[in-house]
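Hello,

Here is the structure I promised to pass on to you. Please open it next to this email, and I will walk you through what was found in it.

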Amino acid sequence: MKKLFVAAIVAFAGFTAVEAQASVNKVEVVSVQDSVIRTPIKVEELPEAVRTVLQTDPYKDWTPTAAFTVKDGDKSYFQVDVKKEEQMASLKFDAEGKPVELAGTSVDMAQASLNETVSVQDSVVRTPIEVSALPEAIKTVLSTDPYKAWTPTAAFSVKDGDKSYFQVDVKKEEEMASLKFDAEGKPVE
């Protein structure tokens with residue numbers, strides 16, 4: 001009887017440990033699904049239509065520095081990071097080379113403001129900063145679950161219209177994601 005009681009306790013403890021582990025894993029998966037997943041590719045690997053568009057006005061004055069396939073919820077697109085002098089931008093296109101409409105900004109409105117802003121699609125100005133220069137609140141959040149399993153690879157101060165936030169690019173094994181936080185460490189949509 002004593003062995004049966006001990007076996008029941010061990011079984012319950014094992015089940016509880018498995019449930020706790022499943023709970024931790026579930027939180028990490030939700031974090032990845034809610035984040036933007038970017039997979040780096042070579043600029044030469046972009047679809048021909050995207051490369052052709054980059055050769056035309058108003059894009060031709062910008063030099064591609066990096067390219068990514070991006071999965072953002074149910075949307076998939078190509079991101080091309082470009083640079084012109086000291087300005088940096090992130091351009092987003094579908095496979096046919098059409099600008100992707102994001103964050104409620106119409107493509108026509110964004111294209112009309114290209115000469116006044118850095119990014120065509122979403123008017124986002126990203127300024128690279130050192131990860132160590134992030135606000136303490138963000139560094140604290142990054143050291144907690146589920147973020148602590150990810151390694152920060154780059155950080156940016158971002159100006160998106162009238163909003164300002166910080167973007168932290170992170171990596172875990174072969175997965176990459178971009179996280180956005182306000183200065184207090186709260187996630188930004």
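Which residue in E4 does Asp 81 stand opposite? Asp 81 faces Ser 90.

Before going on, please keep in mind that this is a predicted model, in which local features need pLDDT of at least 70, side-chain atom pairs count only at pLDDT 80 or more, and totals for chains, interfaces and linings use all residues. Residues are numbered from 1 along each chain as its sequence is written, and side-chain values use heavy atoms, with hydrogens and water left out.

Let's start with the whole chain. The protein chain has 4 helices and 8 strands; helices (H or I, at least four residues) and strands (E, at least two) are DSSP runs, numbered from the N terminus. Their order along the sequence is α-β-α-β-β-β-α-β-α-β-β-β. Of the 189 residues in the protein chain, 37% are buried. Here buried means under 20% relative accessible area, exposed means over 50%, and partly exposed lies in between (1.4 Å probe, protein chains only). The chain exposes about 11400 Å², and carbon and sulfur atoms supply 56% of that area. Accessible areas come from the Shrake-Rupley method with a 1.4 Å probe, and for residues only the protein chains shown count as cover. Among contacts (heavy atoms within 4.5 Å) with a separation of 6 or more, 51% are between residues 24 or more positions apart.

Now back to the strands from the opening question. Strand E3 (residues 75-84) and E4 run antiparallel and are joined by 7 bridges; two strands pair if DSSP finds at least two bridges between them. Their hairpin has 2 residues between the strands, and Glu 85 takes a positive phi near 55° there. Strand E4 (residues 87-93) is mostly covered, with 5 of its 7 residues buried.

Next, have a look at Arg 38, which sits in strand E1 (residues 36-41). Arg 38 counts as buried because its relative accessibility is 5%. Leaving out residues up to four places away in sequence, Arg 38 touches several others, including Phe 68, Asp 81, Arg 126 and Asp 169.

What kind of link do the side chains of Asp 169 and Arg 38 form? They meet in a salt bridge, 2.7 Å from N to O. The two partners come from distant parts of the chain, with Asp 169 in strand E7 (residues 163-172) and Arg 38 in strand E1, 131 residues apart. Both Asp 169 and Arg 38 are buried. A salt bridge is a side-chain nitrogen of Lys or Arg within 4 Å of a carboxyl oxygen of Asp or Glu. In general, side chains of opposite charge can pair when their charged atoms come close.

The structure holds 5 salt bridges. One of them joins Asp 57 and Lys 60, with the closest N and O atoms 3.6 Å apart. Asp 57 is exposed because its relative accessible area is 55%, while Lys 60, at 47%, is partly exposed. Another links Lys 148 and Asp 145 at 3.8 Å between the closest N and O atoms. Lys 148 is exposed at 52%, and Asp 145 is partly exposed at 46%.

Finally, find Leu 46 in the loop between E1 and helix H2 (48-54). Is Leu 46 buried or exposed? Leu 46 counts as buried, because its relative accessibility is 2%. Beyond its neighbours within four places in sequence, its contacts include Ile 41, Leu 54 and Phe 78.

Happy exploring!
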